[in-house]
Amino acid sequence: MKLFCTTYDLALHHPFNVSYARTPSGSAHVRTIVFAHIEQDGVTGTGEASPSKRYNETAETVQKFVYSLNASSLPSPEDKDTFLPAIGAHAAANTAAKCAVDMAWHDWWCKKNTISLGKYLAEEKLPLTGTNVTSFTIGIDELAVIEQKVREAEEYPILKIKLGTEYDEKIIETIRRVTNKVLRIDANEGWKTKEEALEKITWLKGQNVELIEQPLPADRDAEMPWLKERSPLPLFADESCGRLASIEGCAERFHGVNVKLMKSTGIAEAVKMIRRARELGMKIMMGCFIETSLAVTAAAHLARYCDYADLDGAALCENDPYSGATIARGKLIVPESAGIGAVLRV
Ligand code: MG
């Protein structure tokens, strides 16, 4: 087996600003993606890492992780019961790096067996919801730019609005002058106290808002039961929900979880997270980072088992190297060709 990486600079239409990562306007807006490739028996599987500083990963740490795996000492990819556990057990953290290898394995396995990832996942017998409408994200920006972005997102029926600023109300008022669409709010840990969060959520309740994601910093999780008891809108964990082990705690603090492949270490553990969240009666969102259509397509195969999809990561980019799942008027159309189903554009 050959296991190797390539990198790709993914450029965004607009700088992507959230509460804890705001860049001055005019700054570069490129994210370096690392692809992991598994080659065996004439079949190549490819997976993706979109490393995030919030989770202490960079393109360099991802490549270091993948090359430290030493392909010759890994179990054969033919042996699905030992290959992925060996990746998971190799070093702590590195969740996006592990995701790249997990995704490459799933792509390889499904191509080798001539089945789509969708068909492979159907074997898991997770309850189907059929969710296929994705929200479109509006990042933090100057009000005039936010207004322009909302107009550009006309085809999307649901918008996800990044808040956690000193001018949150002005952002919502600006958007409400343009559209009455359903909004999902992502504070990205930007509200500093539970009282501030409750005040903002109570105001947002009257603004046709459907849910609130990550109102408080993840290190203030202990205050979340207080907020959950009082919040007039459902609360979703994103930064507070990493891997499978975090799901139980999230059930006490939130109404739902945002599962993302880059946090979960990939597809195999995301399936376990969806199953556990369901057992605990939680709502589930399938989300993504800024990613190419390769990783977004992998996640789109899982969205049909979730309640909400937030899979616009590739739609925010201007040089997506893959074509895979497409979005038509907000609806995800997921390919069922062998493997993940994303192909390199020529
Ligand atoms: Mg989020």
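## The interface between the domains

Domain 1 and domain 2 bury about 3500 Å² between them, and 60% of this area lies on carbon and sulfur atoms. Buried area is the accessible area (1.4 Å probe) that two parts lose on being put together, summed over both. The structure is a predicted model, in which local features need pLDDT of at least 70 and side-chain atom pairs count only at pLDDT 80 or more, while totals for chains, interfaces and linings use all residues. Residues are numbered from 1 along each chain as its sequence is written, and side-chain values use heavy atoms, without hydrogens and water.

## The two domains

The protein chain is assigned domain 1 (2–114) and domain 2 (121–344); such bounds come from an automatic or database domain assignment. Taken over C-alpha atoms, the domain centres are 21 Å apart. In contact (heavy atoms within 4.5 Å) are 38 residues of domain 1 and 47 residues of domain 2.

## Salt bridge

The rule finds 1 salt bridge across the interface of domain 1 and domain 2; the term requires a side-chain nitrogen of Lys or Arg within 4 Å of a carboxyl oxygen of Asp or Glu. Arg 54 and Glu 189 form a salt bridge, with 2.9 Å between their closest N and O atoms.

## The side of domain 1

Strand E1 (2–11), strand E2 (30–40), strand E3 (43–49) and helix H3 (95–112) each supply at least two residues of the side of domain 1 that touches domain 2. Helices (H or I, at least four residues) and strands (E, at least two) are DSSP runs, numbered from the N terminus. H3 gives the most to this side, with 10 residues.
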